[in-house]
Amino acid sequence: MGVGKSNKMPQTAVLKQILKRCSSLGKKHGCDNLSGLPVDVPKGHFAVYVGENRSRYIVPISFLTHPQFQCLLQQAEDEFGFVHDMGLTIPCEQVVFESLTSMLRC
């Protein structure tokens with residue numbers, strides 16, 4: 001009995017793609033000249049944009065392993081893909097995002 005392969009990218013490849021994309025952001029927010037990373041994003045974190053106003057949030061990389069956050073990333077991929085000017089945009093209301101991230105921090 002064989003298991004068919006999905007034509008979706010493996011989860012680790014998707015997470016690496018997200019991190020690579022997030023680390024290349026920051027041109028609009030100021031970058032460190034040596035690393036090219038945003039100066040206001042601490043190591044181990046990345047920026048996302050949420051809500052109609054595209055409010056910027058800095059979240060820990062550890063959130064990438066939480067199923068609830070992965071669901072948001074899947075929604076972002078479905079709606080926006082990973083190639084757009086604004087950076088990683090999460091398609092949900094700010095209140096929902098803030099509620100979720102506060103639960104994940106506990």
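**Exercise 1. Between which two strands does the loop with R54 lie?**

Solution. This is a predicted model, in which local features need pLDDT of at least 70 and side-chain atom pairs count only at pLDDT 80 or more, while totals for chains, interfaces and linings use all residues. Residues are numbered from 1 along each chain as its sequence is written, and side-chain values use heavy atoms, with hydrogens and water left out.

Step 1. Helices (H or I, at least four residues) and strands (E, at least two) are DSSP runs, numbered from the N terminus. R54 lies in the loop between β1 and β2.

Step 2. Look at the backbone angle. R54 is not a glycine, yet its phi is positive, about 55°. Most residues other than glycine have a negative phi.

Step 3. Classify the exposure. Buried means under 20% relative accessible area, exposed over 50%, and partly exposed in between (1.4 Å probe, protein chains only). R54 has 30% relative accessibility, so R54 counts as partly exposed.

**Exercise 2. Describe the chain as a whole.**

Solution. Step 1. The chain has 3 helices and 3 strands. Along the sequence they follow the pattern α-β-β-α-β-α.

Step 1. Of the 106 residues, 32% count as buried.

Step 2. Contact means heavy atoms within 4.5 Å. Among the contacts with a separation of 6 or more, 48% join residues 24 or more positions apart.

**Exercise 3. Find which residues have the most contacts inside the largest nonpolar core.**

Solution. Step 1. A nonpolar core is a set of buried Ala, Val, Leu, Ile, Met, Phe, Trp, Tyr and Cys residues joined through side-chain atoms within 4.5 Å. The largest one here has 16 residues, and V48, V59, F69, I90 and F97 have the most contacts inside it.

Step 1. Assign the core to elements. At least two of its residues come from each of β1 (45-50), β2 (55-60), α2 (67-80) and α3 (94-105).

Step 2. Take I90 as a case. Leaving aside residues up to four places away in sequence, I90 touches V48, Y49, V50, G51, L72, L73, A76 and F97.

**Exercise 4. Determine which residues of α2 are buried.**

Solution. Step 1. Helix α2 has 14 residues and reaches 20 Å from its first C-alpha to its last. This is close to the 20 Å expected at 1.5 Å a residue, where the expected span is 1.5 Å times one less than the number of residues.

Step 1. The buried residues in α2 are F69, L72, L73 and A76. They lie on the same side of α2 because they cover an arc of only 100° around the axis; the arc is that of the directions from the helix axis to the C-beta atoms.

Step 2. Turn to the face away from the buried side: it carries the exposed residues P67 and D78. Just after α2, G81 has a positive phi of about 75°.
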